[in-house]
Amino acid sequence: MIKKTDAQPPEKFTGIELTDIPKSAVGVKAIKSSLNHVVGEVGLVKGIKLLKNLNQKYGFDCPGCAWPDPDEKRAFLAEYCENGAKAVAEEATKNRVSPMFFSTYSVPNLAKLSDYEIGKKGRITQPVYLPEGANHYKEISWKDAFTLIGDELNGLDSPDEAIFYTSGRTSNEAAFLYQLFVRQFGTNNLPDCSNMCHESSGAALSETLGIGKGSVTLDDFNHTDLIIVMGQNPGTNHPRMLTALGEAKKNGSKIITINPLPEVGLMNYKDPQNPLKWVGSGQDLTDLFLQVKINGDVALLKIILKLMLKKEEDAPYSVFDYDFIKNKTHGIEDLLDDLETYSIDYLVPQTGLSLEKIKEAADLIINKKKVIICWAMGLTQHKNSVDTIREIVNILLLKGSIGKQGAGTCPVRGHSNVQGDRTMGIWEKMSDDFLDKLDANFNFKSPRKHGFDVVNSIEAMHKNKAKVFFGMGGNFVSATPDTEFTAEALRKCNLTVHVSTKLNRSHLIHGKKALILPCLGRSEKDIQSTGEQFISVENSMGVIHNSQGHLNPASEHLLSEPAIVAGLANATLKKSSVNWTKLISNYDFIRNEIEAVIPGFENYNERVRVGKGFYLPNNARENDFKPTNTGKANFSINSPSEIKLEENQFILMTIRTHDQFNTTIYGLNDRYRGVLNERRVIFMNPKDMEKIHLEKLDLVDLTSHFNGEEREAKGFLAIPYSIPEQCTATYFPEANVLVPIKSTADISNTPNSKSTIITIKKR
């Protein structure tokens, strides 16, 4: 039996406070929290300037979530959310991490700090280098840094020994140049954060609808009859979605929420853009809450499908859209045959719900014509995640709720340009059509062998099959599963390089040699040889729009991400058909090349300068399913959860606190769950706590179990909470150590961060 243990269990807990869970989200407390954070990080005057331009036309795009901005009218008061304000404040912070800082603090000592403490150190001001065997980063020139990387890359036995990771904050322009450089270098090793979040969505939607993106627009929320929100916590992860849900409710839409935790934001919220609504009872959002067991979603959806079928049989043509099914879909007979093999009595226990509750949801779906289904990582990080999302599509296809105003699929991306990066070619297995166009435009032959995704990259580094890791943004070691295994993998590399704005843990878990390359933030001016530049991004609904920072850079030594890619390419590629220096002199040149390679970007430079930007083509939105293997929208056969828990075992899902964006920790509070000043907690059903003799705030150790292996995370405080029995939740990245590297979703290979089997032992 293999034992892997959390290397940094806490020695003591101080200051934890449990408060009443608020009855409403946003409102005055959110506004106060936003302002306090902004003023504390950047000061009042700079903070006002910062927020005034956030998510406004001709302003800069929030580096947080990818929820779209309104096409037309935008709120002057606050077209951003609490966590968006925190994100830009952290980026614009007054704190600095200079070469003197690194000469003062050693890497081993910095590594002892928490992720929160590391992040608060501030913006990195200059490139720094950690030689082999050294404990302190030291200043290095950009020229020497690029030369060092180029020499290391060119010294590899094969280009496939290098990994080029991308974070979702990277702009379209930087991402396009980055993938072009990597492919001219000779590999498709382009893992990105999509591999860990919505890869399951892309796989399911591409197979069934012919496009790996959602089909709805923001305006569809104004015309829908029913919105179903699954595996998602908008109040924390993308709070501006609450405005769209509130407007839909005003227009008569119903909302069903399906989630293991009752998240405050989906129950009631107070519109921060309307001062008249900052007080009072707020607006109720959810009409029906289904508190499903973790990973009980396929079983739930199958029951709903069976109830829909029963109603259709009892009252023909009352539920199914037969014209749509006949003309636009394939495989309905196989779907209906498969439904007959399951009994409702078999499926109900997997959901943790009463049949009466499920019937309420089915009745709403049956009686509404236009349905939108939204989801996030609560659905995408399980072994059968692709099945879950395909089952969502089955329901929508039966209703004809695809390619119709007010209806369709809505996977909500949690990072600002993660969808745009994929559009630009950041993927380890891009289509031959994309690569053929890339080759024709740049006169070279790109590799066709598929590269490594995130999980495969970690395993390759661990086996010494990959020796250089380059991270374009992000905090790789804290974002990935199996923390100790990932750390071991990175330490085996000859060189690790991170393009970053702020200090994070990945700078401290490094290869034999390490570089940190500091870049401009979204809020900062980007000045190249022809003048000030803007970038572009793509939101969750396929809108391309511009983003231009207004603040002076945190340091004169920062480079933009496109400039870093160009410097890397010039130092590495001995023969290149690309004039990298010209491309970054004016980003219009980059956009011209994107237009030549990627469909939908016609007149890119003209259209992106229009305030709201432009929509990319979306075949599912247009009711055209020709890109699928059948030329039609495909029904599919899907399986419920295979998880079998033994006595005293639990299923664990990792979640964010309200003071957090991905791996960036803004503070130690989870206001909407009533937990203050502490992160190492585990939420449990009170009955489960009683069964294993735990009291509130008892100290426990967590052990995960997978294929005969055990991983341990020590020192968590047990908190009784509203969550289904045998289900638990705790925060990442603290619990990532428990997620096995080989526990991944079928087809998408996404880490199963929402379905880890654990046991709990009292200290």
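The following dialogue works through several features of a predicted model.

Student: Which conventions apply to the numbering and the atoms used?

Tutor: Residues are numbered from 1 along each chain as its sequence is written, and side-chain values use heavy atoms, with hydrogens and water left out. Since this is a predicted model, local features need pLDDT of at least 70 and side-chain atom pairs count only at pLDDT 80 or more, while totals for chains, interfaces and linings use all residues.

Student: What defines a nonpolar core, and which residues touch the most other members of the largest one?

Tutor: A nonpolar core is a set of buried Ala, Val, Leu, Ile, Met, Phe, Trp, Tyr and Cys residues joined through side-chain atoms within 4.5 Å. Buried means under 20% relative accessible area, exposed over 50%, and partly exposed in between (1.4 Å probe, protein chains only). Here the largest core has 61 residues, and Leu153, Phe164, Phe181, Phe470, Leu517 and Trp580 touch the most other members. Helix α8 (residues 172–185) supplies the largest share of this core, eight residues. A second, separate core has 55 residues, including Leu290, Leu309, Val348 and Ile365. Helices (H or I, at least four residues) and strands (E, at least two) are DSSP runs, numbered from the N terminus.

Student: What does leucine 517 contact beyond its neighbours in sequence?

Tutor: Contact means heavy atoms within 4.5 Å. With neighbours within four places left aside, the contacts of leucine 517 include Pro127, Trp142, Ile149, Phe470, Val499 and Ile564.

Student: Is arginine 183 buried or exposed?

Tutor: Arginine 183, in helix α8, counts as buried because its relative accessibility is 1%. Among the residues it touches, not counting those up to four places away in sequence, are Asn188, Trp427, Phe434, Phe444 and Pro447. Arginine 183 and lysine 445 are 262 residues apart in sequence and 8.5 Å apart in space, C-alpha to C-alpha.

Student: What polar contacts does the side chain of arginine 183 make?

Tutor: A polar contact is a pair of N or O atoms within 3.5 Å; within protein, one must be able to donate a hydrogen and the other to accept it, and residues adjacent in sequence count only if both atoms are side-chain atoms. The side chain of arginine 183 has such a contact of 2.7 Å with the side chain of glutamine 179. At 2.8 Å, the arginine 183 side chain also reaches the backbone oxygen of tryptophan 427.

Student: How is the span of helix α17 checked?

Tutor: The expected span of a helix is 1.5 Å times one less than its number of residues. Helix α17 (residues 355–367) has 13 residues and should span 18 Å; its end C-alpha atoms are 18 Å apart, which agrees. Its buried residues are Ile358, Ala361, Ala362, Leu364, Ile365 and Ile366. Those buried residues pack against elements including β9 (226–230), β13 (288–290), α13 (297–314) and α19 (385–399).

Student: What does aspartate 387 in helix α19 reach with its side chain?

Tutor: The aspartate 387 side chain reaches the backbone nitrogen of serine 639 at 2.7 Å. Aspartate 387 counts as buried, at 10% relative accessibility.

Student: How many salt bridges are there?

Tutor: A salt bridge is a side-chain nitrogen of Lys or Arg within 4 Å of a carboxyl oxygen of Asp or Glu. The whole structure has 38. One joins the side chains of aspartate 115 and arginine 505 (3.0 Å, N to O). Aspartate 115 lies in helix α6 (residues 115–119) and arginine 505 in the loop between β18 (495–500) and β19 (513–518), so the pair ties together parts 390 residues apart in sequence. Aspartate 115 is buried at 18% relative accessible area, and arginine 505 is buried at 12%.

Student: Where does a salt bridge lie within one helix?

Tutor: Lysine 437 and aspartate 433 form one (3.5 Å, N to O). The two are four residues apart in helix α21 (residues 432–442), which means about one helical turn separates them.

Student: How many disulfides are counted?

Tutor: A disulfide is a covalent bond between the sulfur atoms of two cysteines. The rule requires a pair of cysteine sulfur atoms within 2.5 Å, and the count is zero. For cysteine 519, the closest cysteine sulfur, in cysteine 193, is 14 Å away, too far for a bond. Cysteine 519 is buried, at 1% relative accessibility.
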